[in-house]
Protein chains: 2
Amino acid sequence: MNFYERLTRRSRETDSVVCVGLDPHFGRMPVAEIAAHNLRVIEATAPYAACYKPNFAFYEQYGIDGLRALQETVAAVPGDIPVLGDVKRGDIGSTAAAYARAAYEVWGFDAVTLHPYMGLESVRPFLEYPDKGIFIVCRTSANEGATDLQESMLESGIRLYEAVANIATTWSPIIGLVVGATAPAEIARVRALAPDAPLLIPGVGAQGGDAGAAIRAAGHRPGSLLVSSSRGIYYAEDPAAAAIELRDELRRASARA
Amino acid sequence: MNFYERLTRRSRETDSVVCVGLDPHFGRMPVAEIAAHNLRVIEATAPYAACYKPNFAFYEQYGIDGLRALQETVAAVPGDIPVLGDVKRGDIGSTAAAYARAAYEVWGFDAVTLHPYMGLESVRPFLEYPDKGIFIVCRTSANEGATDLQESMLESGIRLYEAVANIATTWSPIIGLVVGATAPAEIARVRALAPDAPLLIPGVGAQGGDAGAAIRAAGHRPGSLLVSSSRGIYYAEDPAAAAIELRDELRRASARA
């Protein structure tokens with residue numbers, strides 16, 4: 001069973017599209033406590049989680065000890081819940097192959113996020129792991145002109161992020177796309193261009209995205225959608241309650257969609 | 001003295017624009033031998049190196065042991081030679097801040113490579129380290145449609161990689177750009193758009209780039225250019241001789257430029 005099939009099954013069984021971000025922000029806890037905190041979050045939220053998503057940067061910033069905590073964290077996720085490594089790698093040739101090896105064989109991720117800028121050659125080594133999943137960064141939520149490039153209008157009459165959606169979906173029969181929660185119009189546009197692509201939608205909660213608007217724009221079908229919350233669940237006094245709250249908000253939005 | 005000043009001084013003192021890639025390809029040696037191999041390469045090539053460039057992927061693929069070898073490697077580079085971490089990160093907000101912390105405070109790099117796709121917000125945390133340097137991925141050497149996106153023609157009449165060169169140079173008074181050695185026409189175009197930007201040109205040697213053509217396109221001024229060779233020096237029977245050969249080839253090309 002490949003990643004997308006696993007994700008679909010998990011999402012259906014839990015009636016949840018909640019992706020729980022596991023992102024230890026610097027200074028919030030000593031590195032020695034990260035793995036134990038993550039294990040508590042995983043234990044509390046597992047019944048409501050379609051997927052877990054550790055972000056590599058938050059472990060790498062703690063050096064070797066942080067990366068050991070990442071390994072412990074991935075190992076602690078129950079086998080029926082896929083783990084998406086938010087690594088946003090993008091390089092070519094033997095470097096891309098090395099990143100794929102690291103993501104899948106060292107850290108044990110079931111899927112990764114990747115940058116589109118260097119094209120198919122940067123994605124192909126990841127495709128050589130047929131059981132694994134890929135989400136291409138397409139249209140992100142951000143301030144400070146972060147979407148200047150993504151919104152660039154091409155001569156062909158579409159915007160760059162639309163071209164990314166078009167090209168990425170030619171790279172593989174199934175490939176996911178990352179679209180920020182604060183951009184529901186763009187989510188709808190990406191969904192129109194890539195009807196079958198699993199969409200990873202980060203940025204609900206702390207980053208200001210409206211989960212309901214996002215899910216209405218993306219559609220709600222098991223395996224075709226992951227809505228990721230990081231701080232809102234990870235630092236909640238009661239992570240289970242926070243996960244249930246988001247799951248239910250997304251269920252209500254999908255019922256209205 | 002910031003990274004660009006250090007690079008300029010080093011390049012002037014050695015009359016070299018050679019950037020020595022330190023990239024242990026998987027299976028070429030046991031992980032336990034990587035640090036010792038790197039130390040030999042560094043010792044042999046230091047008189048001819050303007051810069052060293054370890055590529056993060058090649059260490060990450062070996063897991064914790066590989067990343068320890070990376071730390072030993074960076075620590076072994078003489079203090080007057082800058083170390084450019086080829087990490088190609090690209091993310092926003094607190095994630096970008098975590099990647100900057102990792103690159104500069106955990107691994108000890110003096111400069112990094114970054115993706116442009118998520119814009120200024122993804123670069124700003126790196127700019128908050130004023131002594132460090134940044135090279136934005138602009139136009140890469142590649143096959144398999146890897147330049148499909150980069151070559152996209154925008155409505156404004158320029159190509160995407162040209163827009164990246166234009167935007168990136170607004171992000172900071174000095175910012176570097178990555179332009180592949182196999183694309184001399186594009187190097188010349190980027191140089192025209194960004195006359196003062198340090199250019200990192202990977203892909204000579206094993207990847208088929210013509211170092212002479214690259215340097216003629218880029219111009220040759222200390223601190224404004226780094227030509228990176230990885231396999232050609234790193235795996236040479238005599239790394240010093242290989243570094244001298246590349247240095248001299250680049251000197252001859254610059255004399256003709």
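In the predicted model, strand β7 (residues 199-201) of chain A is joined to strand β8 (residues 225-229) of chain A by three bridges, and the two strands run in the parallel sense. Within this pairing, A:Ile201 has A:Val227 of β8(A) as its bridge partner. Helix α11 (residues 239-256) of chain A packs on the sheet, where α11 touches β1 (18-22) and β8 of chain A. The direction of this helix makes about 145° with that of β1(A).

The β7-β8 pair belongs to an open sheet of eight strands in chain A, arranged in the order β2-β1-β8-β7-β6-β5-β4-β3 with parallel pairing. The edges of the sheet are formed by β2 (51-54) and β3 (84-89) of chain A, each of which pairs on one side only. From one strand to the next, the twist averages 30°.

Strand β1(A) pairs with β8(A) in the parallel sense over three bridges. Together with helix α2 (residues 34-45) of chain A, strands β1(A) and β2(A) make a right-handed β-α-β unit.

Strand β5 (residues 133-139) of chain B is joined to β6(B) by four bridges, the two strands running parallel. In this pairing, B:Phe135 stands opposite B:Gly176 of β6(B). Two bridges connect β6(B) to strand β7 (residues 199-202) of chain B, also in parallel, and B:Leu199 in β7(B) is the bridge partner of B:Leu177. A right-handed β-α-β unit is made by β6(B), helix α8 (residues 184-193) of chain B and β7(B).

The relation between the two chains was then considered. Chain B can be laid on chain A with an RMSD of 0.0 Å by a turn of 180° and a shift of 0.0 Å along the axis. The two copies are thus related as by a two-fold rotation axis.

At the interface, 50 residues of chain B are in contact with 49 residues of chain A. On the side of chain B that touches chain A, at least two residues each are supplied by α3 (56-60), α4 (63-76), α5 (93-106), α6 (120-127) and α7 (160-171) of chain B. Of these, α5(B) gives the most, with seven residues. By residue class, this side of chain B comprises 24 nonpolar, 16 polar and ten charged residues. Of the interface residues of chain B, 98% are also interface residues in chain A, so the copies meet through the same surface.

Methods: Residues are numbered from 1 along each chain as its sequence is written. Chains are lettered from A and ligands numbered from 1 in the order in which they are written. This is a predicted model: local features need pLDDT of at least 70, side-chain atom pairs count only at pLDDT 80 or more; totals for chains, interfaces and linings use all residues. Two residues are in contact if their C-beta atoms, placed from the backbone, lie within 7 Å. Ala, Val, Leu, Ile, Met, Phe, Trp, Tyr, Cys and Pro count as nonpolar, Asp, Glu, Lys and Arg as charged, and the others, Gly among them, as polar. Copies are superposed by least squares on the C-alpha atoms of residues with pLDDT of at least 70 in both. Two strands pair if DSSP finds at least two bridges between them. Axes are lines fitted to C-alpha atoms, for helices over the stretch in contact, and angles run from 0 to 180 degrees between N-to-C directions. A crossover is right-handed if, with the strands pointing away from the viewer, the path from the first strand over the helix to the second runs clockwise.
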